[in-house]
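Hello,

Here is the structure we talked about handing over. Please open it first, then read the notes below.

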Amino acid sequence: MKMIGEIMQIFLVRHGEVLSNKLKHYNYENEELNETGIEQAKVLGEKIKDLNFDVIFSSPLIRAKQTAEIINNNNLNIIYDERLRERKVGDLAGKPLSFTKREEYWNYNTSCFYGTEESIKDFFKRIFNFLDELKTLDFDKVLIVSHSGVSKAFSAYFEGLKDGMFLNRGLPNGEIIKYIL
């Protein structure tokens, strides 16, 4: 375990593909991985098999849970944390992504809202809260399985808000990125 002042390595993974991703629609809250998503998770599991994580945190949504289970090479206990859920899309679920102005939907400084979705500021606040708490825990190497929106919030946390535009700052399905906390 890490000593005070030492770094924590965080590996963030986006779940494998689901039908909504393939169709370019807003996700329904709980969707299972499709065949491509299962294969992406298997490939990712092979890619990370030699990394010895202390803990795995995951979104409780089915697509993330399935991905976490597939890539859990060392049979670690998976901690499901509600804060790692995808941004709540509300009435947008199942609608084509083109239904909204995507740049505006992922603009941190927007005043535009599309129905009942979670605001980007509330969403980022939830993710930042998780990361602030993670800093206080005694782990060297952490695996987090979550969603594209969560990877956008991680980008904001570790790289700053920059221009506030987050549309192109998310991970593709089945990909991984490393951060130092």
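Is Lys49 buried, exposed or partly exposed? Lys49 is partly exposed, because its relative accessible area is 39%. Bear in mind that this is a predicted model.

Salt bridges

There are eight salt bridges in the structure. One of them joins the side chains of Lys49 and Glu46, at 2.6 Å from N to O. Glu46 is partly exposed too, with a relative accessible area of 48%.

Arg85 and Glu82 form another salt bridge, at 3.2 Å from N to O. Their surroundings differ in accessibility. Arg85 counts as buried, at 12% relative accessibility. Glu82 is at 49% and counts as partly exposed.

Glu133 pairs with Arg83, with the closest N and O atoms 3.1 Å apart. This pair links distant parts of the chain: Glu133 sits in helix α5, Arg83 in the loop between β3 and α4, and 50 residues separate them. Glu133 is partly exposed, with a relative accessible area of 40%. Arg83 is at 17% relative accessibility, so it counts as buried. There is also a network: Glu29, Glu82 and Arg85 are joined by salt bridges that share partners.

A buried arginine without a partner

Arg63 lies in helix α3, residues 62–71. Arg63 is buried but has no salt bridge. Glu31 is the nearest side chain of opposite charge, 4.8 Å away. Beyond its sequence neighbours, Arg63 touches a set of residues that includes His15, Tyr28, Glu31, Glu86 and His147.

Helix α6

Helix α6 covers residues 148–159. Its twelve residues should span 16 Å at 1.5 Å a residue, and the end C-alpha atoms are 16 Å apart, so the two agree. Nine of the twelve residues are buried. Among them are Val150, Lys152 and Phe154. The cover over the buried residues includes β1, α5, β4 and β5. Gly160 follows α6 and has a positive phi, near 95°.

Cavity

The whole structure has one cavity of 30 Å³ or more. The largest cavity has a volume of about 60 Å³. Its lining includes Ile48, Leu51, Phe53, Ile56 and Leu143, along with Asn72, Asn73 and Asn74.

Phe99

Phe99 is in the loop between β3 and α4. Phe99 is partly exposed, with a relative accessible area of 49%. Phe99 and Tyr26 are 73 residues apart in sequence, but their C-alpha atoms are 9.2 Å apart in space.

Best wishes

Note on methods: Residues are numbered from 1 along each chain as its sequence is written. This is a predicted model: local features need pLDDT of at least 70, side-chain atom pairs count only at pLDDT 80 or more; totals for chains, interfaces and linings use all residues. Side-chain values use heavy atoms; hydrogens and water are left out. Helices (H or I, at least four residues) and strands (E, at least two) are DSSP runs, numbered from the N terminus. Buried means under 20% relative accessible area, exposed over 50%, partly exposed in between (1.4 Å probe, protein chains only). Lys and Arg count as positive and Asp and Glu as negative; His and the chain ends are not counted. A salt bridge is a side-chain nitrogen of Lys or Arg within 4 Å of a carboxyl oxygen of Asp or Glu. Contact means heavy atoms within 4.5 Å. The expected span of a helix is 1.5 Å times one less than its number of residues. On a 1 Å grid over the protein atoms alone, a cavity is a set of points where a 1.4 Å probe fits but cannot get out, and a pocket is an open set with protein on both sides within 12 Å along at least five of seven lines; lining residues have an atom within 4 Å of a point. Grid points are joined across faces, edges and corners, and a volume is the space filled by probe spheres set on the points. Lists of a residue's contacts leave out its neighbours within four places in sequence.
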